[in-house]
Amino acid sequence: MSRLEGRTALITGAGTGIGRAVAERFAREGARVVIADKDADAASAVTASIGAAARAAVVDISDEASVETAFGDLVAAGWSPDVVVANAGVQLFGQDARAGDLDLDVWRRTIDINLTGTFLTVKHAVRAMLGSGGGSIILTGSPTGIRGEGSEFTAYSTSKAGIHGLARTVAAAYARDGIRVNAVVPAYTETGLVTSISADPEARAAIVSRIPAGRAGTPADIEGIMVFLAGDDAAFATGALFAVDGGMSTL
Ligand SMILES: NC(=O)c1ccc[n+]([C@@H]2O[C@H](COP(=O)([O-])OP(=O)(O)OC[C@H]3O[C@@H](n4cnc5c(N)ncnc54)[C@H](O)[C@@H]3O)[C@@H](O)[C@H]2O)c1
């Protein structure tokens, strides 16, 4: 369990859910981890539970000054990340809607955090990595960015399709600089993001019935692919989407 020994990894949205599980696993694999989240209390709690190998960074990914300051502070402190997981995101269930019914503010909030926030994380990750010999950037995508997963997910699906395009473009642009960029595509994974589904037995059964493996994903299911993409075993993997979805994409 030391595949990431000597690495420093920043994970956005690491205060809970998938990001937290990935950060804890990276720490178990020997990395130093930066727990980056907008929620200061959550970031501090995860940092404290990991111990000396962790450092909290309170950051709002939709605000460039906040992202730039976070990376600047890390570089100054000798914690310049060579792995960045741009994972933070929101899905505004009950507000995201069919295009004709979608409020512009809901569209903007979703795009500002999920797409612009991921772009800003990538932009400043690339700048930090160019100064330190390269690294691995991993984005969290979604099946909704590949095909229709719900007529009401207009803003969310668009933001995730954009993230997949961002991964490919940035991967091609910086491959010769030793920077790899990939996207992990989890299926329905039970976290706080999806409580409106997990708390509704009918809605939950409907989505699980579309996963050939016959169960929902858990944050722990997403850790292994992240370790692989962060490390040297993935040295020739860049610009790709990696589904971790119990076979959902086969249907
Ligand atoms: N849960 C799923 O079924 C699922 C499926 C596919 C993709 N995803 C994606 O996985 C990622 C993580 O989702 P999760 O399920 O762990 O959700 P979650 O709600 O459990 O965690 C999201 C984290 O992001 C943080 N965050 C939100 N806005 C932020 C901002 N502006 N700046 C910094 N941090 C911010 C939150 O504070 C929270 O800690 C998201 O990008 C989500 O779209 C989730």
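Mentor: Happy to. Let's start with V122, which is found in helix α4; helices here are DSSP runs of H or I with at least four residues, strands are runs of E with at least two, and both are numbered from the N terminus. Keep in mind that this is a predicted model, where local features need pLDDT of at least 70 and side-chain atom pairs count only at pLDDT 80 or more, while totals for chains, interfaces and linings use all residues. Residue numbers run from 1 along each chain as its sequence is written.

V122 counts as buried because 23 other C-beta atoms lie within 10 Å. The cut-offs, with C-beta atoms placed from the backbone, are 20 or more other C-beta atoms within 10 Å for buried, 12 or fewer for exposed, and partly exposed in between. Leaving aside neighbours within four places in sequence, V122 is in contact with A86, I137, L166 and V170, where contact means that the two C-beta atoms, placed from the backbone, lie within 7 Å. P81 is 41 residues away from V122 along the chain, and their C-alpha atoms are separated by 12 Å.

L166 and V170 are among the buried residues of α5, as are I163 and A167. An α-helix has 3.6 residues a turn, so residues three or four places apart point the same way. The buried residues of α5 pack against α4 (104–130), β5 (135–140) and β6 (179–186).

Six of the six residues of β5 are buried. G135, I137 and L139 point one way from the strand, while S136, I138 and T140 point the other way.

On one pairing, strand β4 (residues 83–86) runs parallel to β5 over four bridges; two strands pair if DSSP finds at least two bridges between them. V83 has S136 as its bridge partner in β5. From β4 the chain passes through α4, the helix that holds V122, to β5, in a right-handed β-α-β crossover. Right-handed means that, with the strands pointing away from the viewer, the path from the first strand over the helix to the second runs clockwise.

β5 also runs parallel to β6, with six bridges between them, and I137 stands opposite V181. Here the chain crosses from β5 through α5 to β6, again a right-handed β-α-β crossover.

In total, 31 residues surround the ligand, with G13, G17, G89, T191 and L193 the closest; a residue is near a molecule if its C-beta atom, placed from the backbone, lies within 6 Å of it. The shell divides into eleven nonpolar, 16 polar and four charged residues. In that count Ala, Val, Leu, Ile, Met, Phe, Trp, Tyr, Cys and Pro are nonpolar, Asp, Glu, Lys and Arg are charged, and the others, Gly among them, are polar.
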